[in-house]
Amino acid sequence: MTLDIIGKRKIWFAISLIIILAGIASMIIKTFTLGAPLNLGIDFTGGNIITVSFTKNVSVSDVRQALDKLDLGNSVIQKTATGEFIIRTKPLTDKEYKQVLDAFKNDVAPYQEGKLSRNEVKPVIGKELTLNAIWALAIASVLMVIYITFRFEFKFGIAAIIALLHDVFVTMGIFSIFWWEVDSAFVAAILTIIGYSINDTIVIFDRIRENLHRKKKDENFEELVNKSIMQTMARSINTVLTVIIVLVALLIFGGSTIRYFTLAMLIGVISGAYSSIFNASPLWVEFKYWEQRRRKLAKT
């Protein structure tokens, strides 16, 4: 059975466009109403890192419940050893810091004064991280276009990069719509998604190239690409389902520290699988038809 994926490519493009435009609209609205397109964590906005060692073993939920009473429940809490925690919070005044310590003492357990520390995180860390991530994305995109052009052709490279940008915008847009917190782990997730998505796209492109060598005279590009996608569909679905199962397990059992990283990965992996099948290859077909139309016009 061969599905007519390419014949319905305008539907797939429309779905992607609607999701991306909804995300962009959310980012614009959030910028005007809340001051930022995304819910930036302390890696970007600055904050405090508190290191505390309790005199008995306590859980992350115990610490979070105490912080939740001070409206700091969304802080990043990392358990480093028995009774020891590193807690990243929004910027705290001295009064708020004292309230946190009182909450620890009264609601969690006594802590060791000698191991208590408080450090400020400057937002410049987030700016450097963002700039480095943008540079990494730009350089990786250029290198990928060069590699794909060398191995396949330039149109494949452009289609692959558009599919990658689709995955980045979809993930950022959904995070903006639901106002989930974005931290340095989110940047790492975006870069990982790019690597995953291009891998799946290359597999389909590779099959298209193989089939191009065996192309029949009466076979058009739509039929050839549909056949190529169907030949790799089982591999794509099995791979993405395997990854999704792991990510869902992490989302349920991984704890709050990696929740948003896992969510970004989950959205990106699903978006990457979609764009590899429904965006990248159909875009290549569009480019080929544009090229044919341009040649016909040049001859007339």
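Reader: How much space lies in the largest pocket?

Author: Happy to start there. Rolling a probe the size of a water molecule over the atoms shows where empty space is left. In this predicted model, the largest pocket holds about 400 Å³ of space.

Reader: Which residues lie nearest the centre of the largest pocket?

Author: Thr 130, Ile 134, Val 168, Met 172 and Phe 186 lie nearest the centre, out of 19 residues that line the pocket.

Reader: And by class, how does the lining of the largest pocket divide?

Author: The lining has 18 nonpolar residues, one polar residue and no charged residues.

Reader: Which elements give two or more residues to that lining?

Author: Those elements are helix 5 (124–151), helix 6 (154–178) and helix 7. Helix 7 gives the most, with five residues.

Reader: Let's follow helix 7, then. At what angle do helix 7 and helix 9 pack?

Author: Here is the general idea. Two packed helices are described by the angle between their axes and the distance between the axes. In this case, helix 7 (residues 184–213) and helix 9 (residues 259–299) pack at about 25°, and their axes are 8 Å apart. Angles under 35 degrees count as roughly parallel, so helix 7 is roughly parallel to helix 9. Helix 7 passes helix 9 in a right-handed crossing. By class, this contact has 18 nonpolar, eight polar and one charged residues.

Reader: How far apart are the axes of helix 7 and helix 8?

Author: The axes of helix 7 and helix 8 (residues 221–253) are 9 Å apart, with a packing angle of about 145°. Their crossing is right-handed. The residues of this contact divide into eleven nonpolar, seven polar and four charged.

Reader: Where does helix 1 come in, and at roughly what angle do helix 1 and helix 9 cross?

Author: The axes of helix 1 (residues 9–34) and helix 9 come within 10 Å and cross at roughly 120°. That angle makes helix 1 oblique to helix 9. Here the crossing is left-handed.

Reader: One more topic, the record. Where does UniProt place the feature "transmembrane region"?

Author: The unreviewed UniProt entry places this feature at residues 12–29, 129–150, 157–180, 186–205, 236–254 and 260–285.

Reader: How far apart are the end C-alpha atoms of residues 12–29, and what about residues 129–150?

Author: For residues 12–29, the end C-alpha atoms are 26 Å apart, and the chain there is 100% helix and 0% strand. For residues 129–150, the end C-alpha atoms lie 31 Å apart, and that span is 100% helix and 0% strand.

Methods. Residues numbered from 1 in each chain as written. Predicted model: local features only at pLDDT ≥ 70, side-chain atom pairs only at ≥ 80, totals over all residues. Heavy atoms only, no water. Axes fitted to C-alpha atoms, helices over the stretch in contact; angles between N-to-C directions. Helix = DSSP H or I, 4+ residues; strand = E, 2+ residues; numbered from the N terminus. Parallel < 35°, antiparallel > 145°, perpendicular 65-115°, else oblique. Left-handed = near helix turned anticlockwise from the far one by under 90°. Nonpolar A, V, L, I, M, F, W, Y, C, P; charged D, E, K, R; others polar. 1 Å grid on protein atoms, 1.4 Å probe; cavity = no way out; pocket = protein on both sides within 12 Å on 5 of 7 lines; lining within 4 Å. Points joined across faces, edges and corners; volume = space filled by probe spheres on them. UniProt positions renumbered as here; feature names shortened; annotations may be inferred.
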